[in-house]
Amino acid sequence: MYRQAKWNEPLIFELDEIDPFIDAEIREQVSKYIPKEFIRTSLNLPNLPEYLVVRHYTRLSQMNYGVDLGIYPLGSCTMKYNPRINEDTLENEKIYMLHPMQSEEDIQGLLKILYELSRYLSMITGMDYFTLQPAAGAHGEFVGTLIIKKYHEVRGIDYKDEIIIPDSAHGTNPASARMAGFKVIEIPSNEYGQIDLDALSSAVGERTAGLMLTNPNTLGIFESNIDEIAKIIHEVDGLLYYDGANLNALMGIARPGDMGFDIVHLNLHKTFSTPHGGGGPGSGPVGVKAFLKEFLPVPLIEFSNGRYHLNYNLKYSIGRIHSYLGNVGVLIKAYIYIKKLGGKGLAEAAEKAVLASNYLYYNIKELPGVRVDHSPESYRMHEFVISLKPLKEETGVTARDFAKRLLDYGIHAPTIYFPLIVEEALMIEPTESNTLRELDNFIEIFKKILDEAYNNPEIVKSAPHNTSVDRIDEAYASRPKTMAPTYKWFKSLNK
């Protein structure tokens with residue numbers, strides 16, 4: 001099953017055996033000022049003409065799939081088109097030449113942008129204040145749980161050590177809660193794919209510090225009982241935390257703050273169009289209601305007396321959680337996206353995302369080999385989850401096999417095997433960035449692979465066939481038994 005790569009592009013250093021030495025005359029001049037032991041005798045650079053460099057990196061780009069090439073239906077991880085105006089703006093020297101240690105007086109323009117962004121995010125979510133420091137969604141979760149912890153401690157209620165999390169939650173939710181020192185209490189979803197209110201009522205108590213919840217949830221279903229959920233948590237003096245991973249379904253239409261949430265984190269590198277994947281860069285701002293302002297990380301960007309300034313005087317602050325002002329480049333891209341679309345545009349994007357999701361859902365859910373475990377007759381929000389367990393039982397083709405075969409048709413696979421409460425899960429999110437033609441193409445390819453699974457299953461089980469790299473041993477790639485994986489390559493400076 002596991003085969004070698006069909007296209008083995010060499011490293012750029014391997015294309016050239018000549019190591020260009022520093023000009024001797026220049027080296028002699030430099031040696032007058034710098035000790036010899038600190039002067040390089042060679043450069044770790046390839047000696048190639050421009051056209052070979054261009055060809056090399058163009059070939060590498062053709063070996064990858066991205067949002068610029070087509071539909072990228074990665075459920076729970078919104079992958080939408082990233083407008084080029086974002087990148088163009090960041091190339092302005094008035095932005096990229098700023099130094100993070102410049103004084104407030106020198107960066108008033110930047111502070112204005114970041115302050116306005118925080119106000120926009122507050123309006124979108126129904127929060128009162130935002131910190132822009134967190135560098136990712138999980139980082140935002142950690143900040144939020146630290147705020148919950150300190151909020152209770154300051155009030156002398158240090159016995160509140162439990163965070164409630166539904167079984168359909170993102171895995172980072174329980175991880176963040178544990179890192180903050182909480183005990184995680186998992187509650188089940190009901191037959192409709194929503195929080196079981198009876199289970200929630202049984203789980204809450206005097207030790208309940210809060211509930212972490214995504215709405216719409218990971219199944220793409222809106223928690224219609226959110227008012228009752230908020231009431232149950234607040235009645236035991238707990239806080240309601242909103243995981244903003246799925247805000248793409250609601251932005252400009254509904255606000256977490258109006259649903260009873262006290263703390264929110266947002267994924268700017270998803271919902272607000274800034275690129276993500278490959279480990280970063282990301283941004284996960286955290287917003288809070290007014291009564292939690294003093295717990296936010298410092299500094300907080302504020303405006304008074306005609307100028308923007310950094311406020312370090314927050315009485316109960318959890319402290320700084322990121323150097324300087326956060327991932328400023330990502331923040332500015334999100335700011336541009338919001339300014340460009342405006343409130344009406346953000347709402348239209350959410351509506352298109354939900355429409356695209358339901359279009360795929362209703363064309364896929366009743367196909368052979370497909371099953372929907374929770375309220376199959378109900379509409380979904382921006383994403384949906386199907387089970388291919390019937391397909392596996394009838395043909396032996398798994399969700400993983402199906403996903404690999406999608407690659408052969410030039411489509412990135414959706415999220416698989418998540419959430420864990422759905423067996424052989426495919427989690428699909430088309431976003432607003434895709435045309436009707438692309439959605440129809442996805443449906444036709446979906447049907448074709450199902451047909452292959454029933455009539456020629458081996459071609460699906462051995463996929464992919466048309467990619468630059470065949471199916472790999474995933475367990476070995478992530479956790480090799482005999483040797484550590486090589487994450488970087490460098491050429492020795494001394495031959």
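## How H5 and H11 cross

In this predicted model, helices H5 and H11 are oblique to each other, because angles under 35 degrees count as roughly parallel, over 145 as roughly antiparallel, 65 to 115 as roughly perpendicular and the rest as oblique. Helix H5, residues 108-125, packs against helix H11, residues 328-364, at an angle of about 50°, and their axes are 10 Å apart. Axes here are lines fitted to C-alpha atoms, for helices over the stretch in contact, and angles run from 0 to 180 degrees between N-to-C directions. Helices (H or I, at least four residues) and strands (E, at least two) are DSSP runs, numbered from the N terminus.

The crossing of H5 and H11 is left-handed, a term used if the near helix is turned anticlockwise from the far one by less than a right angle, whereas clockwise makes a crossing right-handed. On the H5 side, the contact (heavy atoms within 4.5 Å) is made by Leu110, Ile113, Leu114, Glu116, Leu117, Tyr120, Leu121 and Ile124, and on the H11 side by Val328, Leu331, Ile332, Ala334, Tyr335, Ile338, Lys339 and Leu346. Sorted by class, this contact of H5 with H11 has 14 nonpolar, no polar and 2 charged residues, where Ala, Val, Leu, Ile, Met, Phe, Trp, Tyr, Cys and Pro count as nonpolar, Asp, Glu, Lys and Arg as charged, and the others, Gly among them, as polar.

Residues are numbered from 1 along each chain as its sequence is written. Since the model is predicted, local features need pLDDT of at least 70 and side-chain atom pairs count only at pLDDT 80 or more, while totals for chains, interfaces and linings use all residues, and side-chain values use heavy atoms, with hydrogens and water left out.

## Two nonpolar cores

A nonpolar core is a set of buried Ala, Val, Leu, Ile, Met, Phe, Trp, Tyr and Cys residues joined through side-chain atoms within 4.5 Å, and buried means under 20% relative accessible area, exposed over 50%, and partly exposed in between (1.4 Å probe, protein chains only). The largest nonpolar core has 57 residues, of which Leu121, Leu200, Met251, Leu268 and Phe272 touch the most other members. H11 supplies the largest share of this core, 12 residues. Apart from it lies another core, of 28 residues, which includes Tyr361, Ile386, Leu391 and Val460.

When neighbours within four places in sequence are left aside, the contacts of Phe272 include Leu121, Ile124, Leu247, Met251 and Leu266, and also Ala334, Ile338 and Leu346.

## The surroundings of H14

Helix H13, residues 399-408, and helix H14, residues 436-455, pack at about 125° with their axes 10 Å apart, and are therefore oblique to each other. H13 passes H14 in a right-handed crossing, in which Phe402, Arg405 and Leu406 of H13 meet Ile445, Phe446, Ile449, Leu450 and Glu452 of H14. By class, the contact of H13 with H14 has 6 nonpolar, no polar and 2 charged residues. In H13, 8 of the 10 residues are buried, so this helix is largely enclosed by the rest of the structure. Among the buried residues of H13 are Ala399, Asp401, Phe402 and Lys404, and just after H13, Gly410 takes a positive phi of about 75°.

H14 also meets H11, for the axes of H11 and H14 come within 10 Å and cross at roughly 25°, and these two helices are therefore roughly parallel to each other. Their crossing is right-handed, and it brings Ala356, Tyr359, Leu360, Asn363 and Ile364 in H11 to Leu436, Leu439, Asp440, Phe442, Ile443 and Phe446 in H14. By class, the contact of H11 with H14 has 9 nonpolar, 1 polar and 1 charged residues.

## Backbone details in the loops

The peptide bond from Asn215 to Pro216 is cis, with omega near 0°, and Pro216 sits in the loop between strand E4 (208-213) and helix H9 (226-235). Another cis peptide bond joins Phe418 and Pro419, with omega about 0°, and Pro419 is placed in the loop between strand E11 (415-416) and strand E12 (425-428).

Asn305, although not a glycine, has a positive phi of about 55°, and lies in the loop between strand E8 (300-304) and strand E9 (307-311). At 80% relative accessibility, Asn305 counts as exposed. Ser375, also not a glycine, has a positive phi of about 40° and lies in the loop between H11 and strand E10 (384-387), but at 8% relative accessibility Ser375 counts as buried.
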